[in-house]
Amino acid sequence: MESFKIWVLAFCLVFQRGYGFYLPGSYPHKYVVGNTLSVKVNSITSIDTELPFSYYSLPFCKPQEGVKDSAENLGELLMGDRIENSPYRFKMYTNESEVFLCQSDPLSADDFKILKKRIDEMYQVNLILDNLPAIRYTKKEGFFLRWTGYPVGIKVQDAYYVFNHLKFTVLVHKFEEANVARVMGTGDAAEMIPTNGNGGSDNPGYMVVGFEVVPCSILHNAKSVKNLKMHDKYPTQIKCDPTTVAMPIKKKEPIVFTYEVSFEESDIKWPSRWDAYLKMEGSKVHWFSIMNSLMVITFLAGIVLVIFLRTIRRDLTRYEELDKEAQAQMNEELSGWKLLVGDVFRAPTNASLLCVMIGNGVQILGMAVVTILFAALGFMSPASRGTLVTGMLLFYMILGIAAGYVAVRLWRTIGCGDHKGWVSVSWRAACFFPGIAFLILTTLNFLLWGSHSTGAIPFSLFVILILLWFCISVPLTLIGGYFGAKAPHIEYPVRTNQIPREIPAQKYPSWLLVLGAGTLPFGTLFIELFFIMSSIWMGRVYYVFGFLLIVMILLVVVCAEVSLVLTYMHLCVEDWKWWWKSFFASGSVAIYIFLYSINYLIFDLQSLSGPVSATLYLGYSLLMVLAIMLATGTVGFLSSFWFVHFLFSSVKLD
């Protein structure tokens, strides 16, 4: 019964939906009425170009104290986020209207051109209050749609209009202080002292639980604001109507910016304030599709596993039931995999490369499992920008020990215990995938630098990443390689002949079967892949890490089964070159993922404009596909290696 309770608890943790479950250590910020609330700005983004730009690259108002970067983690910088302060200032529970912000300088030819270009490319302005992105609601065909941020402007016929007035609504919830008391002293002399001060304060605290924005285009009188300072009262009443536009942009004419803010008390509690962002459209379809996919793939994988185990078991049982004389006679009439006893463990071509790729695959797979597990348990909430990428980098570097250990131990196993070359194998394991990643990222970074995008990795961050690579990841991989060299190598159950056996001519190309084997693993994750791609390229929030963990576990099982079946089929036709084929049997799923990425680019990202955007998309997709190939190929190879070792150690052949 206790074991059942533990499994029920684990099941509930995995399937928790993400909202209401926060990063441990996060806490609500209490604001007293009249406290200053500072709005921050993030990079402006567009699903048409996928190129983020700085908020202040457009002629917007700048804060009086100057533009300052907020504290950012490594993940935020790598994702292209540039969070900075803004001139917007609110006071808790203090409604304000007709607040003058600033009047820009007369638009130069360059400012006019870049503003028109950003409006054409449908760029969105992203604001943040108390770590909540500004959310905008629109109504279409009777349904309310949610969007994060608001558009820079809009084009109506041949005229361009800018949204220069913002109507903010801040949802607040009264801060609920628990009636906590602590006991001082011991025994009957205990004294109860309240810790929350005066509970009957007339100035209660509030928490921010919602941040909404309505953009409007208002035609202001530039002459009437000449003597106004930032945050002064605008001289006339402003009526914000989002259905009309009135502020066209023109060369050598300034733009006046204003805003208003109102506070509303809400029933939303602080742990649930991210529900509006997580409950985006299509969530029901998401859950239904994932459940349907899981049931179908589980059923198919179960059938494959049962058939496979019954076939192998019948083969072994038939041989074990024979007496010695019958076995000797059978040995003379052997066929299929039993004929490969002297060749099945013959070293493959490019053995060192295989060992390096297996080591890298273990490192990537371990990083993915640990990261998704922590995210599913709430340690990497969407409320904490950049923590997911930062965690991936951290776990990847730490798991360099596993990469070095597995690569070197496999190298020694293939070499029958030879210690020579383990340092070289460790170095290559430490540099193989990171080197390819740096090559791709550097190439893409030059494109981003040329576009002046905030998505470009700064040179200082490049130096930091290289230092992390060579000062942490490489030494840990070498340490793992050292332990792999000291560990005993895996003994083969049979001896290998000096002369390799000739492989009979096959009726069909074996590599064709290997490439086709990736379809079943692809069927496991292609629905989830759609939502992952949408969150990356369409700006949607991804939060169902519990389902992603289940899909990943199922993917590992299916990859192992597919590789086992393909390896057994090759052995049955007397093909002893199973090493690389077992790797690519499951690793070939990466080919289908890349083809799906191209399909997504053509049909779902139809508005993606410009060769730079397409190159960025394909470059990042190629990096993702390479990582998936190494991880899934490693699962297939290790399961096949275990199977072949078990199979030939179960039957003793002379």
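This is a predicted model: local features need pLDDT of at least 70, side-chain atom pairs count only at pLDDT 80 or more; totals for chains, interfaces and linings use all residues.

1. The chain has 654 residues, and 48% of them count as buried. Its secondary structure comes to 17 helices and 17 strands. Of the contacts between residues at least 6 apart in sequence, 84% join residues at least 24 apart.

2. Nonpolar cores. The largest nonpolar core holds 145 residues, and Phe 90, Leu 127, Phe 168 and Phe 211 have the most contacts inside it.

3. Leu 127. Which residues does Leu 127 touch, leaving aside its neighbours within four places in sequence? The partners are Val 39, Lys 40, Val 41, Leu 132, Pro 133, Ala 134, Tyr 150, Leu 166, Phe 168 and Phe 211. Phe 168 and Phe 211 are also named with Leu 127 among the residues with the most contacts inside the largest core.

4. H13 against H14. Helix H13 spans residues 519-537 and helix H14 spans residues 545-572; they pack at about 155 degrees with their axes 8 Å apart. This angle makes H13 roughly antiparallel to H14, and the crossing is left-handed. On the H13 side the contact is made by Leu 520, Pro 521, Thr 524, Leu 525, Glu 528 and Ile 532; on the H14 side by Leu 548, Val 551, Leu 554, Leu 555, Val 558, Cys 559 and Val 562. By class, these residues are eleven nonpolar, one polar and one charged.

5. H7 against H14. Helix H7, residues 351-376, packs on H14 at about 150 degrees, with the axes 8 Å apart. H7 is therefore roughly antiparallel to H14, and this crossing is left-handed. Leu 365, Ala 368, Val 369, Ile 372, Leu 373, Ala 375 and Ala 376 of H7 meet Phe 545, Gly 546, Leu 548, Leu 549, Met 552 and Val 556 of H14. The contact has twelve nonpolar residues, one polar and no charged ones. Leu 548 of H14 takes part here and in the contact with H13.

6. H14 against H15. Helix H15 covers residues 579-587 and packs on H14 at about 140 degrees, again with axes 8 Å apart. H14 and H15 are therefore oblique to each other, and their crossing is right-handed. From H14 the contact uses Cys 559, Val 562, Ser 563, Leu 566, Thr 567 and His 570, and from H15 it uses Lys 581, Ser 582, Ala 585 and Ser 586. The division is four nonpolar, five polar and one charged. Cys 559 and Val 562 belong to this contact and also to the one with H13.

7. Thr 567. Leaving aside neighbours within four places in sequence, Thr 567 is in contact with Trp 578, Ser 582, Ser 640 and Val 644. Ser 582 is one of the H15 residues in the contact with H14. Ser 639 is 72 residues from Thr 567 along the chain, and the C-alpha atoms of the two are separated by 9.9 Å.

Notes:
Residues are numbered from 1 along each chain as its sequence is written. Side-chain values use heavy atoms; hydrogens and water are left out. Axes are lines fitted to C-alpha atoms, for helices over the stretch in contact, and angles run from 0 to 180 degrees between N-to-C directions. Helices (H or I, at least four residues) and strands (E, at least two) are DSSP runs, numbered from the N terminus. Angles under 35 degrees count as roughly parallel, over 145 as roughly antiparallel, 65 to 115 as roughly perpendicular and the rest as oblique. A crossing is left-handed if the near helix is turned anticlockwise from the far one by less than a right angle, and right-handed if clockwise. Contact means heavy atoms within 4.5 Å. Ala, Val, Leu, Ile, Met, Phe, Trp, Tyr, Cys and Pro count as nonpolar, Asp, Glu, Lys and Arg as charged, and the others, Gly among them, as polar. A nonpolar core is a set of buried Ala, Val, Leu, Ile, Met, Phe, Trp, Tyr and Cys residues joined through side-chain atoms within 4.5 Å. Buried means under 20% relative accessible area, exposed over 50%, partly exposed in between (1.4 Å probe, protein chains only).
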